[in-house]
Amino acid sequence: MKSIITVVFFLVFVSANAQIQKQEPVKIESETLISGDTLTLKINFSVQEDWMVYDSLAADRGPIPLSFNNDAILNLELIKINKPETKHKYDDIFEVDLWYFTNKVSYELCFKILDPNIPVSGTVLLEYMSCNLTSGVCLPPHIYDLVITK
């Protein structure tokens with residue numbers, strides 16, 4: 001009897017894990033690097049096969065492109081964003097030119113530390129939308145918090 005319960009529990013766990021994997025095609029990791037008076041937030045995206053994340057659009061309509069909001073950070077001023085190379089296509093559904101990325105890419109947000117005597121803290125909010133390249137299914141926009149402390 002115990003073995004049957006164990007097998008059923010295992011199958012339910014595997015099935016639930018597979019469903020989660022299907023609904024979370026984008027994994028995000030970040031690291032903070034400091035060099036002199038510059039803090040770099042490196043954001044690594046890992047996108048499952050057959051999925052994409054919208055980077056930018058050529059119009060005000062269309063899917064939600066990747067965006068970064070750093071208003072909630074203390075003692076930092078955004079200097080620049082280093083973007084990876086993206087792919088381009090005209091989307092017939094949204095009727096707009098768009099740029100997107102697949103697989104593994106990294107963005108770097110470079111900040112100037114305003115006062116080295118004051119701690120750096122806060123949150124960068126990033127919002128993105130992902131779609132499946134084969135089925136055309138798009139997931140709702142996702143907001144991800146990246147906490148910065150140094």
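**Entry 1: C110.** I began with C110, which is buried at a relative accessible area of 8%. I note here that the structure is a predicted model, and I treat every value below as computed from it.

**Entry 2: the disulfide.** I then asked how many disulfides the structure holds. The count is 1. I looked up its two partners and found C131 joined to C138, with an S to S distance of 1.9 Å. As a reminder to myself, a disulfide is a covalent bond between the sulfur atoms of two cysteines.

**Entry 3: handedness.** I next examined the torsion about the S-S bond of C131 and C138. It is about 105 degrees, and the disulfide is therefore right-handed.

**Entry 4: exposure of the two cysteines.** Is C131 buried or exposed? I recorded C131 as buried, because its relative accessible area of 1% falls under the 20% limit.

**Entry 5: N132.** I turned to N132 and located it in strand β10, which covers residues 130-132. N132 is buried, with a relative accessible area of 12%.

**Entry 6: surroundings of N132.** Which side chain makes a polar contact with the side chain of N132? I found that of T134, at 2.6 Å. Leaving aside residues up to four places away in sequence, I listed D50, W51 and V137 as residues that N132 touches.

Terms used: Residues numbered from 1 in each chain as written. Predicted model: local features only at pLDDT ≥ 70, side-chain atom pairs only at ≥ 80, totals over all residues. Heavy atoms only, no water. Helix = DSSP H or I, 4+ residues; strand = E, 2+ residues; numbered from the N terminus. Buried < 20%, exposed > 50% of the residue type's maximum accessible area, 1.4 Å probe, protein only. Polar contact = N/O pair within 3.5 Å; in protein donor to acceptor, adjacent residues only side chain to side chain. Contact = heavy atoms within 4.5 Å. Disulfide = S-S within 2.5 Å.
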